[in-house]
Amino acid sequence: MKNKKILYLRKKINTINKSIINLLYKRNLISKKIIKEKIHSNYPIKDKKRENKIFEKIIYEGKKYNLKKKYLIKIFKIIIKNSIKTQKKKLKKKKLK
């Protein structure tokens, strides 16, 4: 028989996973809105200063929860890379029109 406490905790993790997915979805929607503004204002897709500020903020926030810097940077590099990819796709579609 499975441990009820483990099942309960796994359910909690599943709920958190759903929340993370939902937040990533919302972030992606905002990223699509940002590219529209970047196109309108002739702003580059990649903004290294902005990325550096993001990393500074996540490292600062992560310290509050005792999360490792390396762990957070790895996760957010993937998230940012996805945003850039999404924006480039949107830009390419816009140019084709």
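Three salt bridges turn up in a search of the whole structure; a salt bridge is a side-chain nitrogen of Lys or Arg within 4 Å of a carboxyl oxygen of Asp or Glu. This is a predicted model, where local features need pLDDT of at least 70, side-chain atom pairs count only at pLDDT 80 or more, and totals for chains, interfaces and linings use all residues. Residues are numbered from 1 along each chain as its sequence is written, and side-chain values use heavy atoms, without hydrogens and water.

| Salt bridge | Closest N and O atoms |
|---|---|
| Lys-46 and Glu-51 | 3.0 Å |
| Lys-48 and Glu-51 | 3.7 Å |

Lys-46, Lys-48 and Glu-51 are linked in a network. Glu-51 is buried, at 8% relative accessibility. Lys-46 is partly exposed, at 47%. Buried means under 20% relative accessible area, exposed over 50%, and partly exposed in between (1.4 Å probe, protein chains only).

Lys-48 and Glu-51 are three residues apart in helix H2 (residues 48-64), so about one helical turn separates them. Helices are DSSP runs (H or I, at least four residues), numbered from the N terminus. Glu-61 and Lys-64 are also three residues apart in helix H2. Glu-61 is partly exposed at 36%, and Lys-64 is exposed at 52%.

Lys-38 lies in helix H1 (residues 4-40). Lys-38 is buried yet has no salt bridge. Asp-47, the nearest side chain of opposite charge, is 6.4 Å away. A polar atom of the Lys-38 side chain lies 2.7 Å from the backbone oxygen of Ile-45.

Definitions and conventions
Helices (H or I, at least four residues) and strands (E, at least two) are DSSP runs, numbered from the N terminus. Lys and Arg count as positive and Asp and Glu as negative; His and the chain ends are not counted. A polar contact is a pair of N or O atoms within 3.5 Å; within protein, one must be able to donate a hydrogen and the other to accept it, and residues adjacent in sequence count only if both atoms are side-chain atoms.
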